[in-house]
Amino acid sequence: MNTSLVRKSLCFLLLSALIVTMTMPFHSSAAAADAGEVIDYSAEDLGNGITVESVITLSSTRTLRSASNTSTFKRDGKEIAKVTLYATFTYNGSLASVWSTDYSKSTSLGWFYRSHQITTMDRMPSATATLDAKLQGIVGIIPVHITLRCSPTGTITK
């Protein structure tokens with residue numbers, strides 16, 4: 001048996017396990033939404049007294065970007081739902097890819113969350129993570145569409 005090949009394989013496996021362990025998303029739902037640097041904020045009036053505020057936060061290392069995009073839905077100024085998409089991206093200056101995704105949600109005042117789906121796209125050179133869902137309540141159904149994109153240089157946008 002080739003001992004050099006065995007050593008190389010063992011080193012590769014150990015290094016891979018170390019990288020995976022160190023880059024796992026490190027959040028509880030509430031802590032991650034509050035951690036990191038806020039890099040984008042937007043607000044939109046959806047009509048029928050419904051508004052949505054979106055905040056993107058970012059934590060990063062030299063080759064990883066962990067970001068969250070939180071959408072807070074309100075009806076007549078009272079919070080009815082909060083949905084967060086978490087995504088960790090790798091990037092190297094030439095391309096980016098989605099490393100992992102997760103989400104959290106909360107609803108109140110008779111609203112509920114249904115039929116969510118997270119999709120990822122590693123389109124050269126950028127990468128995208130998207131969460132689509134629906135909120136349902138007294139005034140009907142509100143579509144939820146949350147996106148995080150990472151450029152090859154590590155720039156996060158929605």
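Is K158 buried, partly exposed or exposed, and at what relative accessibility? In this predicted model, K158 counts as partly exposed, because its relative accessibility of 38% falls between the limits of 20% and 50%.

## Overall architecture and confidence

The protein has two helices and nine strands, and from the N terminus on the elements run α-α-β-β-β-β-β-β-β-β-β. Of its 158 residues, 34% count as buried, and among the contacts with a separation of 6 or more, 45% are made by residues 24 or more positions apart.

The mean pLDDT of the protein is 82, with 78% of the residues reaching 70 or more. Where pLDDT is low, the predicted coordinates should not be read in detail.

Four strands form an open sheet in the order β6-β7-β8-β9, and the pairing is antiparallel. Its edge strands are β6 (112-121) and β9, each of which pairs on one side only.

At one end of this sheet, strand β8 (residues 140-150) is joined to β9 by two bridges, with the two strands running antiparallel. Within this pairing, C150 has I156 of β9 as its bridge partner.

## Two salt bridges

Side chains of opposite charge can pair when their charged atoms come close. The structure holds two salt bridges. In one of them K158 pairs with D40, the closest N and O atoms being 3.4 Å apart. Because K158 lies in the segment after β9 (156-157) while D40 belongs to strand β1 (residues 37-47), this pair ties together parts that are 118 residues apart in sequence. D40 is partly exposed, with a relative accessible area of 27%, and K158 is likewise partly exposed, at 38%.

The other salt bridge joins K74 to E53, with 4.0 Å between the closest N and O atoms. Here K74 lies in strand β3 (residues 64-75) and E53 in strand β2 (residues 50-60), so the pair ties together parts that are 21 residues apart in sequence. K74 is partly exposed, with a relative accessible area of 23%, and E53 is also partly exposed, with a relative accessible area of 27%.

## The largest pocket

Rolling a probe the size of a water molecule over the atoms shows where empty space is left. About 260 Å³ of space lies in the largest pocket, which is lined by 16 residues, with E44, V52, S54, S71 and H145 lying nearest its centre.

Strands β1, β2, β3 and β8 each supply at least two residues of this lining. Of the elements, β8 gives the most, with six residues.

Key:
Residues numbered from 1 in each chain as written. Predicted model: local features only at pLDDT ≥ 70, side-chain atom pairs only at ≥ 80, totals over all residues. Heavy atoms only, no water. Salt bridge = Lys/Arg side-chain N within 4 Å of Asp/Glu carboxyl O. Buried < 20%, exposed > 50% of the residue type's maximum accessible area, 1.4 Å probe, protein only. Pairing = 2+ DSSP bridges. pLDDT = per-residue confidence, 0-100. 1 Å grid on protein atoms, 1.4 Å probe; cavity = no way out; pocket = protein on both sides within 12 Å on 5 of 7 lines; lining within 4 Å. Points joined across faces, edges and corners; volume = space filled by probe spheres on them. Contact = heavy atoms within 4.5 Å.
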